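Please look over the structure below. This report takes its features one at a time.

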Amino acid sequence: MTNEQNIDFVLRSVEERDIRFVRLWFTDVLGNLKSFAISPEDLEEAFEEGIGFDGSAVDGFAALEESDMLAFPDASTFQVLPWRPTESGVARIFCNIRTPQGEPFAGDPRACLYRAFRAADKAGYVLNVSPELEFFYFKEDTTVSAGSAVPVPLDNAGYFDLTPEDSARDLRRDLTLALEQMSIPVEYSYHAAAPSQNGVSLRYSEAVTCADNIMTARLVIKQTARSHNMFASFMPKPLSGVAGSAMFLSQSLFDHDGNNLFWAEGKGSVHHLSKVAQSYIAGLLKYAPEFALVTNPTVNSYKRLVPNGEVPCYATWGSKNRSAFVRVPTYKPGKQLSRRIELRGPDPTCNPYLTMAVALAAGMRGIEEGLEIPAESSATFDELATSGATRLPRDLGEAVEAFEGSELMRETLGDHIFEYLLREKRDEWAEYSQTVTDWELRHYYGGF
């Protein structure tokens with residue numbers, strides 16, 4: 001549908017479905033969901049003129065002297081919130097943020113992804129992404145250890161377990177139903193490897209829609225947990241001694257006719273990967289240290305990325321090695337459209353708009369530079385340490401350092417977002433470094 005048709009559909013739906021509150025959604029630079037509600041009577045004006053708000057109150061948006069911002073609803077993202085009452089109901093619409101002059105705001109993560117998406121589209125490429133989010137469900141009550149609260153797991157089940165111990169079955173059922181009511185199709189949900197850890201895989205969509213779906217899924221996961229008197233955590237490593245949580249991103253490039261450009265057959269292909277796919281992977285590997293600050297943005301992120309399991313610590317790729325940074329799933333004969341690559345580094349605390357923007361930019365740079373894919377790796381962590389393979393940042397401090405010198409990150413994110421992330425994350429690491437012992441810094445991070 002055209003934008004005008006989408007707007008007409010939304011206005012009719014609001015009236016027919018008795019929607020009394022329309023929540024306008026957007027994210028700050030760090031990926032926190034922001035929202036305010038307007039009445040249906042103001043919706044038509046919002047589509048035409050935007051709704052003004054104070055941008056200085058949003059982290060990473062605008063300084064006090066230039067605080068006026070406008071939220072323009074994207075009519076194609078209208079959905080009714082299924083956990084709210086059907087009478088005098090509530091709907092949500094994602095927004096694009098603009099300046100009072102009508103220009104896209106430089107600090108809007110959604111606009112950042114749109115820029116990267118349009119640049120790829122102009123070159124003939126359309127990025128499709130399927131995300132898989134891992135997370136933990138915990139009891140509302142916690143135990144106290146050494147003066148701090150420790151989350152209490154719901155169960156002691158493991159990967160794909162179907163046992164009475166998997167107490168999150170009903171939560172995953174309600175989560176799936178809620179997402180599908182919001183037109184977000186779920187491929188599968190499951191109990192993940194660690195106690196009380198769960199996962200949900202969403203079906204493919206183009207990059208901006210995928211990022212919208214991730215933001216929605218994170219809220220629905222938390223909302224579902226609360227309805228069961230539980231809480232959900234997206235911390236990459238909330239419990240020591242067990243697997244951490246990732247956000248795997250399966251990606252493929254299509255042309256405007258719907259052909260999968262990652263597929264190839266015959267000589268010159270590797271695992272049926274085209275030259276385009278190989279250069280895209282090479283770009284991801286080359287620039288991985290530079291975009292780690294975006295895909296793994298917290299101190300806790302790097303407590304997951306240690307060589308003690310199926311997690312990437314080096315910029316490598318492989319088809320069977322799940323510790324590779326980029327994994328190429330086994331090809332199914334006759335499934336050319338499903339030929340894809342899986343980026344395994346990101347975690348669920350990242351801003352999905354910025355994460356997809358920098359991943360797409362790195363892959364596209366690999367294509368533009370005609371980068372050759374390196375040899376497939378099946379080496380162990382010990383072997384990689386002496387192989388010359390590029391080491392991913394060991395901690396937030398190393399990620400800040402690699403990010404700061406990246407021309408590609410500044411170009412992709414723009415000066416506004418780049419400078420804000422650099423400043424915030426540098427301060428976060430400096431503050432954290434003062435609270436830990438030298439032994440922890442050496443042993444936990446530097447010892448690998």
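A residue is called buried when its relative accessible area is under 20%, and exposed when that area is over 50%. The model is a predicted one.

## Proline 289 in helix α6

Helix α6 covers residues 275–295, and proline 289 lies in it. Is proline 289 buried or exposed? Its relative accessible area is 14%. The cut-off for buried is under 20%, so proline 289 is buried.

Which residues does proline 289 touch, leaving aside those up to four places away in sequence? They are Thr390, Arg391, Leu392, Pro393 and Ala402. Arginine 410 is 121 residues from proline 289 along the chain. The C-alpha atoms of the two are separated by 14 Å.

## The largest cavity

There are two cavities of 30 Å³ or more. The largest cavity has a volume of about 60 Å³. Helix α6 gives the most to its lining, with four residues. Among the lining residues are Ala288, Phe291, Ala292 and Thr295. Leu392 and Pro393 also line this cavity, and both are touched by proline 289.

## Asparagine 128 in strand β7

Strand β7 runs over residues 126–145, and asparagine 128 is found there. Asparagine 128 has a relative accessible area of 16%. That value falls under the 20% cut-off, so asparagine 128 counts as buried.

Its contacts, not counting residues up to four places away in sequence, include Tyr204, Ser205 and Glu206. Asparagine 128 also touches Ser250, Gln251, Ser252 and Phe254. Strand β13 spans 247–254.

Strand β9 (residues 186–191) and strand β10 (residues 197–202) run antiparallel. Five bridges join them. Tyrosine 188 stands opposite serine 201 in β10.

The two strands form a hairpin, with five residues between them. Serine 196 sits in the turn. Its phi is positive, at about 70 degrees.

## The largest pocket

The largest pocket holds about 960 Å³ of space. How many residues line it? The lining has 37 residues. Glu132, Phe248, Arg322, Glu342 and Arg344 lie nearest the centre.

Strands β7, β9, β10 and β13 each supply at least two residues of the lining. β7 gives the most, with four.

## Cysteines

How many disulfides are there? The count comes to zero. A disulfide needs two cysteine sulfur atoms within 2.5 Å. For cysteine 112, the nearest cysteine sulfur is that of cysteine 350, 13 Å away. Cysteine 112 is in no disulfide. For cysteine 313, the nearest cysteine sulfur is again that of cysteine 350, at 18 Å. Cysteine 313 is in no disulfide either.

Technical notes: Residues numbered from 1 in each chain as written. Predicted model: local features only at pLDDT ≥ 70, side-chain atom pairs only at ≥ 80, totals over all residues. Heavy atoms only, no water. Pairing = 2+ DSSP bridges. Buried < 20%, exposed > 50% of the residue type's maximum accessible area, 1.4 Å probe, protein only. Contact = heavy atoms within 4.5 Å. 1 Å grid on protein atoms, 1.4 Å probe; cavity = no way out; pocket = protein on both sides within 12 Å on 5 of 7 lines; lining within 4 Å. Points joined across faces, edges and corners; volume = space filled by probe spheres on them.
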